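Morning, everyone. I have one structure to walk through today. Please have a look at it first.

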Amino acid sequence: MNNMQGIIFDKDGTLLDFEAFWLPVTEGALDALIKQFGLPEDAALRAARRLGIAEGRAKKDGILCAGTYSAIAAEVLSVFSEYGKQIAKEEMEGAVLRAFEENMCRGEVVPAVPDLAELLQALRSEGNRLFVATTDAPFGTAACLKALGIDGLFDAVYTDGGGCPVKPDPRIVEDIVQKYGICRSRLAVVGDTRTDLDFAERGGIFGIAYLRRAGEDAAFASRAGLIIRDLHELRGVWDIIRKEEGYV
(Lines give C-alpha, C1' and ligand atoms only; values in the text may rest on other atoms or scores of the structure.)
Protein backbone atom coordinates (compact mmCIF):
# COMPACT_ATOMS: atom_id res chain seq x y z
CA MET A 1 0.00 0.00 0.00
CA ASN A 2 1.30 3.46 -0.88
CA ASN A 3 1.63 5.41 2.38
CA MET A 4 2.80 8.64 0.78
CA GLN A 5 0.80 11.70 1.87
CA GLY A 6 0.61 15.24 0.54
CA ILE A 7 -0.56 18.65 1.76
CA ILE A 8 -1.15 21.50 -0.68
CA PHE A 9 -0.91 24.93 0.95
CA ASP A 10 -2.50 28.12 -0.23
CA LYS A 11 0.06 30.91 0.20
CA ASP A 12 -1.61 34.23 0.99
CA GLY A 13 -3.72 34.11 4.13
CA THR A 14 -2.49 30.61 4.94
CA LEU A 15 1.30 30.66 5.04
CA LEU A 16 1.48 34.43 5.50
CA ASP A 17 -0.76 37.24 6.72
CA PHE A 18 -2.69 38.37 3.64
CA GLU A 19 -3.50 41.94 4.63
CA ALA A 20 -0.07 42.81 6.06
CA PHE A 21 1.41 42.01 2.69
CA TRP A 22 -1.20 42.69 0.02
CA LEU A 23 -2.93 45.85 1.25
CA PRO A 24 0.17 48.09 1.01
CA VAL A 25 1.26 46.36 -2.22
CA THR A 26 -2.16 46.95 -3.79
CA GLU A 27 -2.29 50.55 -2.62
CA GLY A 28 1.06 51.22 -4.24
CA ALA A 29 0.09 49.38 -7.43
CA LEU A 30 -3.18 51.28 -7.83
CA ASP A 31 -1.46 54.61 -7.19
CA ALA A 32 1.08 53.75 -9.89
CA LEU A 33 -1.67 52.77 -12.33
CA ILE A 34 -3.70 55.97 -11.94
CA LYS A 35 -0.53 58.01 -12.49
CA GLN A 36 0.38 55.95 -15.54
CA PHE A 37 -3.04 56.46 -17.14
CA GLY A 38 -3.64 60.01 -15.87
CA LEU A 39 -6.63 59.41 -13.58
CA PRO A 40 -7.71 61.18 -10.38
CA GLU A 41 -7.00 59.73 -6.93
CA ASP A 42 -10.59 58.65 -6.37
CA ALA A 43 -10.16 56.16 -9.24
CA ALA A 44 -7.70 54.22 -7.06
CA LEU A 45 -10.16 54.22 -4.15
CA ARG A 46 -12.97 53.00 -6.38
CA ALA A 47 -10.76 50.26 -7.82
CA ALA A 48 -9.73 49.17 -4.32
CA ARG A 49 -13.38 48.79 -3.30
CA ARG A 50 -14.12 46.78 -6.44
CA LEU A 51 -11.23 44.48 -5.59
CA GLY A 52 -12.79 43.81 -2.20
CA ILE A 53 -10.90 46.24 0.03
CA ALA A 54 -13.00 48.16 2.55
CA GLU A 55 -12.06 49.91 5.80
CA GLY A 56 -8.56 48.52 5.78
CA ARG A 57 -9.66 44.90 5.37
CA ALA A 58 -9.77 42.55 2.40
CA LYS A 59 -12.93 40.52 1.83
CA LYS A 60 -12.28 36.77 1.66
CA ASP A 61 -14.51 36.44 -1.40
CA GLY A 62 -13.12 39.57 -3.06
CA ILE A 63 -11.11 39.58 -6.25
CA LEU A 64 -7.88 40.55 -4.50
CA CYS A 65 -8.12 37.56 -2.16
CA ALA A 66 -9.51 34.98 -4.53
CA GLY A 67 -8.77 36.19 -8.06
CA THR A 68 -5.88 36.04 -10.51
CA TYR A 69 -3.93 38.99 -11.91
CA SER A 70 -6.10 38.75 -15.02
CA ALA A 71 -9.22 39.10 -12.86
CA ILE A 72 -7.70 42.07 -11.04
CA ALA A 73 -6.78 43.69 -14.36
CA ALA A 74 -10.32 43.18 -15.69
CA GLU A 75 -11.81 44.95 -12.65
CA VAL A 76 -9.32 47.82 -12.82
CA LEU A 77 -10.01 48.16 -16.54
CA SER A 78 -13.74 48.35 -15.82
CA VAL A 79 -13.21 51.13 -13.28
CA PHE A 80 -10.87 53.09 -15.53
CA SER A 81 -13.35 52.85 -18.41
CA GLU A 82 -15.86 54.68 -16.19
CA TYR A 83 -13.45 57.63 -16.35
CA GLY A 84 -13.43 57.51 -20.14
CA LYS A 85 -10.16 55.62 -20.52
CA GLN A 86 -10.11 53.13 -23.38
CA ILE A 87 -7.31 50.67 -22.67
CA ALA A 88 -6.70 47.35 -24.40
CA LYS A 89 -7.12 44.26 -22.23
CA GLU A 90 -3.58 43.05 -22.92
CA GLU A 91 -2.11 46.47 -22.10
CA MET A 92 -3.95 46.61 -18.79
CA GLU A 93 -2.93 43.08 -17.82
CA GLY A 94 0.71 43.93 -18.47
CA ALA A 95 0.45 47.23 -16.59
CA VAL A 96 -1.21 45.59 -13.58
CA LEU A 97 1.40 42.85 -13.36
CA ARG A 98 4.24 45.37 -13.57
CA ALA A 99 2.62 47.66 -10.99
CA PHE A 100 2.22 44.84 -8.51
CA GLU A 101 5.74 43.50 -9.06
CA GLU A 102 7.25 46.96 -8.63
CA ASN A 103 5.39 47.46 -5.34
CA MET A 104 6.09 44.06 -3.75
CA CYS A 105 8.69 45.77 -1.55
CA ARG A 106 5.86 47.58 0.26
CA GLY A 107 4.40 44.36 1.67
CA GLU A 108 5.26 43.08 5.14
CA VAL A 109 5.86 39.33 5.14
CA VAL A 110 4.34 38.04 8.39
CA PRO A 111 4.19 34.25 8.84
CA ALA A 112 0.89 32.67 9.84
CA VAL A 113 2.66 31.17 12.86
CA PRO A 114 6.03 32.28 14.29
CA ASP A 115 7.67 28.87 13.90
CA LEU A 116 6.38 28.23 10.38
CA ALA A 117 9.58 26.67 9.03
CA GLU A 118 9.84 24.30 12.00
CA LEU A 119 6.19 23.30 11.58
CA LEU A 120 6.65 22.51 7.89
CA GLN A 121 9.76 20.49 8.70
CA ALA A 122 7.75 18.55 11.26
CA LEU A 123 5.02 17.85 8.71
CA ARG A 124 7.65 16.55 6.31
CA SER A 125 9.05 14.31 9.04
CA GLU A 126 5.57 12.79 9.37
CA GLY A 127 5.83 11.59 5.79
CA ASN A 128 4.09 14.45 4.00
CA ARG A 129 5.16 15.87 0.69
CA LEU A 130 4.41 19.59 0.73
CA PHE A 131 3.18 21.81 -2.11
CA VAL A 132 2.03 25.40 -2.68
CA ALA A 133 -0.82 26.39 -5.00
CA THR A 134 -1.35 30.13 -5.33
CA THR A 135 -2.87 32.62 -7.74
CA ASP A 136 0.16 34.87 -7.19
CA ALA A 137 2.77 35.13 -9.96
CA PRO A 138 6.14 33.31 -9.83
CA PHE A 139 8.10 36.45 -8.89
CA GLY A 140 5.95 37.39 -5.88
CA THR A 141 5.60 33.81 -4.73
CA ALA A 142 9.34 33.15 -4.77
CA ALA A 143 10.03 36.41 -2.91
CA CYS A 144 7.48 35.63 -0.20
CA LEU A 145 8.58 32.05 0.36
CA LYS A 146 12.21 33.18 0.59
CA ALA A 147 11.34 35.96 3.05
CA LEU A 148 9.49 33.40 5.18
CA GLY A 149 12.54 31.14 5.13
CA ILE A 150 10.56 28.22 3.72
CA ASP A 151 11.45 28.30 0.02
CA GLY A 152 13.29 24.97 0.14
CA LEU A 153 10.60 23.00 1.95
CA PHE A 154 8.17 22.32 -0.89
CA ASP A 155 8.26 19.59 -3.50
CA ALA A 156 6.56 21.87 -6.04
CA VAL A 157 5.10 25.38 -6.19
CA TYR A 158 2.21 26.14 -8.56
CA THR A 159 1.64 29.79 -9.51
CA ASP A 160 -0.28 32.00 -11.90
CA GLY A 161 1.78 31.93 -15.07
CA GLY A 162 3.92 29.05 -13.89
CA GLY A 163 2.87 26.65 -16.64
CA CYS A 164 -0.14 25.01 -15.00
CA PRO A 165 -3.69 26.40 -14.76
CA VAL A 166 -4.30 28.06 -11.41
CA LYS A 167 -6.66 26.76 -8.73
CA PRO A 168 -9.47 25.90 -8.61
CA ASP A 169 -8.53 24.11 -11.84
CA PRO A 170 -7.96 20.46 -10.81
CA ARG A 171 -5.03 19.96 -13.17
CA ILE A 172 -2.69 20.87 -10.33
CA VAL A 173 -4.00 17.84 -8.44
CA GLU A 174 -3.60 15.69 -11.56
CA ASP A 175 0.01 16.85 -11.89
CA ILE A 176 0.82 15.99 -8.27
CA VAL A 177 -0.86 12.60 -8.48
CA GLN A 178 1.04 11.69 -11.64
CA LYS A 179 4.46 13.09 -10.71
CA TYR A 180 4.58 12.09 -7.05
CA GLY A 181 2.38 9.00 -6.98
CA ILE A 182 0.18 10.26 -4.16
CA CYS A 183 -3.34 8.82 -4.05
CA ARG A 184 -6.17 11.37 -3.95
CA SER A 185 -7.32 9.89 -0.65
CA ARG A 186 -3.97 10.93 0.84
CA LEU A 187 -3.87 14.44 -0.61
CA ALA A 188 -5.32 17.49 1.13
CA VAL A 189 -5.44 21.22 0.53
CA VAL A 190 -5.44 23.82 3.31
CA GLY A 191 -6.56 27.37 2.60
CA ASP A 192 -8.55 30.34 3.79
CA THR A 193 -10.91 31.08 0.88
CA ARG A 194 -13.76 29.56 -1.08
CA THR A 195 -11.38 29.11 -4.02
CA ASP A 196 -9.32 26.66 -1.96
CA LEU A 197 -12.35 24.55 -1.14
CA ASP A 198 -13.54 24.69 -4.76
CA PHE A 199 -10.08 23.45 -5.69
CA ALA A 200 -10.31 20.54 -3.25
CA GLU A 201 -13.79 19.66 -4.46
CA ARG A 202 -12.91 19.73 -8.15
CA GLY A 203 -9.73 17.76 -7.57
CA GLY A 204 -11.49 15.12 -5.46
CA ILE A 205 -9.22 15.65 -2.45
CA PHE A 206 -9.71 16.57 1.21
CA GLY A 207 -10.39 20.26 1.95
CA ILE A 208 -9.17 21.93 5.14
CA ALA A 209 -10.47 25.42 5.91
CA TYR A 210 -8.08 27.66 7.82
CA LEU A 211 -9.85 30.30 9.91
CA ARG A 212 -6.98 32.21 11.45
CA ARG A 213 -8.73 35.17 13.03
CA ALA A 214 -11.27 34.98 15.85
CA GLY A 215 -14.71 36.03 14.64
CA GLU A 216 -13.77 35.42 11.02
CA ASP A 217 -16.71 34.62 8.76
CA ALA A 218 -16.85 30.84 8.55
CA ALA A 219 -19.56 30.65 5.88
CA PHE A 220 -17.10 29.63 3.17
CA ALA A 221 -15.88 26.73 5.33
CA SER A 222 -19.19 24.85 5.36
CA ARG A 223 -17.94 22.49 2.63
CA ALA A 224 -14.64 21.72 4.34
CA GLY A 225 -13.86 18.28 5.64
CA LEU A 226 -12.02 19.88 8.54
CA ILE A 227 -11.74 23.38 10.03
CA ILE A 228 -8.58 24.52 11.82
CA ARG A 229 -7.72 27.80 13.55
CA ASP A 230 -4.00 27.19 13.98
CA LEU A 231 -1.63 25.59 11.48
CA HIS A 232 -0.20 23.46 14.28
CA GLU A 233 -3.44 21.48 14.12
CA LEU A 234 -2.02 19.96 10.94
CA ARG A 235 0.37 17.88 13.03
CA GLY A 236 -0.93 14.35 12.78
CA VAL A 237 -3.82 15.55 10.63
CA TRP A 238 -3.96 12.31 8.64
CA ASP A 239 -5.00 10.43 11.77
CA ILE A 240 -8.07 12.67 11.76
CA ILE A 241 -8.64 12.54 8.00
CA ARG A 242 -8.53 8.77 7.93
CA LYS A 243 -11.49 8.70 10.29
CA GLU A 244 -13.55 10.73 7.86
CA GLU A 245 -15.78 8.44 5.85
CA GLY A 246 -14.88 8.25 2.18
CA TYR A 247 -11.30 9.50 2.38
CA VAL A 248 -9.48 6.22 3.01
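Let me start with a term. A helix crossing counts as right-handed if the near helix is turned clockwise from the far one by less than a right angle, and as left-handed if anticlockwise. Keep in mind that this is a predicted model.

Now the helix pair. The crossing of α4 and α5 is right-handed. Helix α4 covers residues 69-81 and helix α5 covers residues 89-102. Their axes are 9 Å apart, at an angle of about 115 degrees. Angles of 65 to 115 degrees count as roughly perpendicular, and α4 and α5 are therefore roughly perpendicular to each other.

Who makes the contact? From α4 we have Y69, S70, I72, A73, V76, L77 and F80. From α5 come K89, M92, E93, V96, L97 and F100. By class, that gives 10 nonpolar, 1 polar and 2 charged residues.

Next, K167. Where does K167 sit? In the loop between β5 (156-158) and α8 (171-180). Buried or exposed? K167 has a relative accessible area of 5%. Buried means under 20%, so K167 is buried.

What does its side chain reach? The backbone oxygen of A133, at 2.8 Å. The K167 side chain also makes a polar contact of 2.6 Å with the side chain of D196. Beyond its neighbours within four places in sequence, K167 has contacts including D10, T134, I172 and F199.

Last stop, Y210. Y210 lies in strand β7, residues 206-210. This residue is buried too, with a relative accessible area of 2%. From Y210 to D175 is 35 residues in sequence and 24 Å in space, C-alpha to C-alpha.

Terms used
Residues numbered from 1 in each chain as written. Predicted model: local features only at pLDDT ≥ 70, side-chain atom pairs only at ≥ 80, totals over all residues. Heavy atoms only, no water. Helix = DSSP H or I, 4+ residues; strand = E, 2+ residues; numbered from the N terminus. Buried < 20%, exposed > 50% of the residue type's maximum accessible area, 1.4 Å probe, protein only. Polar contact = N/O pair within 3.5 Å; in protein donor to acceptor, adjacent residues only side chain to side chain. Contact = heavy atoms within 4.5 Å. Axes fitted to C-alpha atoms, helices over the stretch in contact; angles between N-to-C directions. Parallel < 35°, antiparallel > 145°, perpendicular 65-115°, else oblique. Nonpolar A, V, L, I, M, F, W, Y, C, P; charged D, E, K, R; others polar.
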